[in-house]
Every structure is written in structure tokens, then in C-alpha cells.
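Let me put the structure up and jot down what I look up.

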Amino acid sequence: MRAIDCQDDVREVLYTEEQIHARIAEMAREIERDYEGREPLLIGVLKGAVMVVSDLARELRCPVKMDWMAVSSYGSGTESSGVVRIIKDLDADLTGRDVLIVEDIIDSGLTLTWLKSNLESRGPNSVEICTLLRKPSRLKSDVPVKYIGYDVPNEFVVGYGLDFDERYRHLRDVVVLKPHVYGGEEEPEPARVEVEEGAG
Ligand code: XMP
Ligand code: MG
């Protein structure tokens, strides 16, 4: 078993690197089928989607182009408001392009709702969304998401591009951190139950 980086800070591994790669391969097969004969433009939303874009792009067996956009969503605390500012715009002209927005995680969906309509106003042939993770219980927008890696519970997750205060992006797995990382109280370890060999 591979040692987990920052192990002391990790409460739980939600998805291992191997699981993520397998799921991205499945998504790539779907995308290849849907875009047959076309060359999608993958638009990675910085910074969280860097790992997803790089793994997805290398998994796809079709020609793709890549571009990057950085946006910041105004909001109070951890809630995004849907009022978005472009920090870094695309280099590419979207006229006639088949755009695939690639995200790390969709929470309320408000940022993406704004981004999708912003990109649609630039004359592309199509705009679709691909995300590795989605928190369904938090969704406030019915923005259509065509490719979804995993639906996750409403917990703050890091790793594989996702950060807490710019840390943990480099972790290969998607994990939940221990409360002490956020300055919270540590939960007691669950009592260990001895299970006889062969049981369960
Ligand atoms: P909305 O609410 O507009 O926001 O869908 C999506 C953005 O919120 C951030 N986000 C997270 N980042 N772990 C993170 O590292 C999380 O669990 C998480 N939930 C939301 C993220 O920047 C995402 O692009
Ligand atoms: Mg993001």
C-alpha cells in the first residue's frame, strides 16, 4: 500500500489515485464517443482543475486543445454568490468551437452557471461541463453537467488539485482532512471492535 502524503492531516481517503484514474478513463470514453470527428477545447478552471485536465487530456484518444481560465466568485465565507470576476481570461477564440469546461468540484453551481453563459456569449458551437466531483446536496443551480466523476457528501475535500488555503493540492487522492487542520476539535477515534477471522 502506498504511503499517503500528509497522513497525519488526513481523516479519510474518499477516492484513491487509482479510482480517480479509472473514473477519468470512463469519462474519457464517453467524451470520445460524444465528440467523434470534432476537436473539443478543454477549458480548465484554475487552479483546482489542473490535475483533472491534465489526466483527462492524456486519457482522451482524440485531438483536443486546452485553455485556462481563472475566476473568482464573490461570497460570504465559503458560500459563493454567483457574482464572478475574471482573473485570467482565455487566450482562445471560441467562435465555432466545441467547448468543454473542466472543473474539479461543483458546490452551489453558481460559478459555473455564470461561466457557461459567459462562454456561450462568445459564439461557440457548443458548451458542455465536465467535473470530477459534485456535491448534490449543495446545488442551487440547475446548470446541466454532462460528465460527472463522483457525487460526494457535503464535506470539504482536498487533494488532486483541491486545496485548503492553497495546501494539499498535490495529494494524489481526494481526502477529507482532520478537524485539527482547520483549528477544530479532534473527534475521538472510534472504538475498535475485534472481528474474528472469517466473520462478516
Ligand atoms: P460553486 O459554489 O460556485 O463553487 O459551485 C465551486 C467552487 O467552490 C470551491 N469548493 C471547494 N474547494 N474543497 C475545495 O477545495 C471543497 O470541498 C470545495 N467545495 C467547493 C471550489 O473552488 C469550486 O471551484
Ligand atoms: Mg474550482
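How many helices and strands does the protein have? I count three helices and nine strands, taking helices (H or I, at least four residues) and strands (E, at least two) as DSSP runs numbered from the N terminus. Reading from the N terminus, I get the order β-α-β-α-β-β-β-α-β-β-β-β.

Ground rules for myself: this is a predicted model, where local features need pLDDT of at least 70 and side-chain atom pairs count only at pLDDT 80 or more, while totals for chains, interfaces and linings use all residues. Residues are numbered from 1 along each chain as its sequence is written, chains are lettered from A and ligands numbered from 1 in the order in which they are written, and side-chain values use heavy atoms, with hydrogens and water left out.

**Entry: the sheet.** I looked up the strand order and found an open sheet of six strands, β4-β3-β2-β5-β6-β7, with mixed pairing; two strands pair if DSSP finds at least two bridges between them. At the edges I find β4 and β7 (147–151), each pairing on one side only. Neighbouring strands here are turned by 30° against each other on average, direction ignored; axes are lines fitted to C-alpha atoms, for helices over the stretch in contact, and angles run from 0 to 180 degrees between N-to-C directions. Within the sheet, β2 and β3 run parallel and are joined by six bridges. I noted one partner: L42 bridges to M66 in β3.

**Entry: helices on the sheet.** Helix α1 (residues 17–34) lies across β5, β6 and β7, and runs at about 155° to β7.

**Entry: cysteines and totals.** I looked for disulfides (a pair of cysteine sulfur atoms within 2.5 Å) and the count is zero. C6 counts as partly exposed because its relative accessibility is 25%, whereas C130, at 1%, counts as buried. Over the 200 residues of the protein, 44% are buried.

Definitions and conventions
Buried means under 20% relative accessible area, exposed over 50%, partly exposed in between (1.4 Å probe, protein chains only). Contact means heavy atoms within 4.5 Å.
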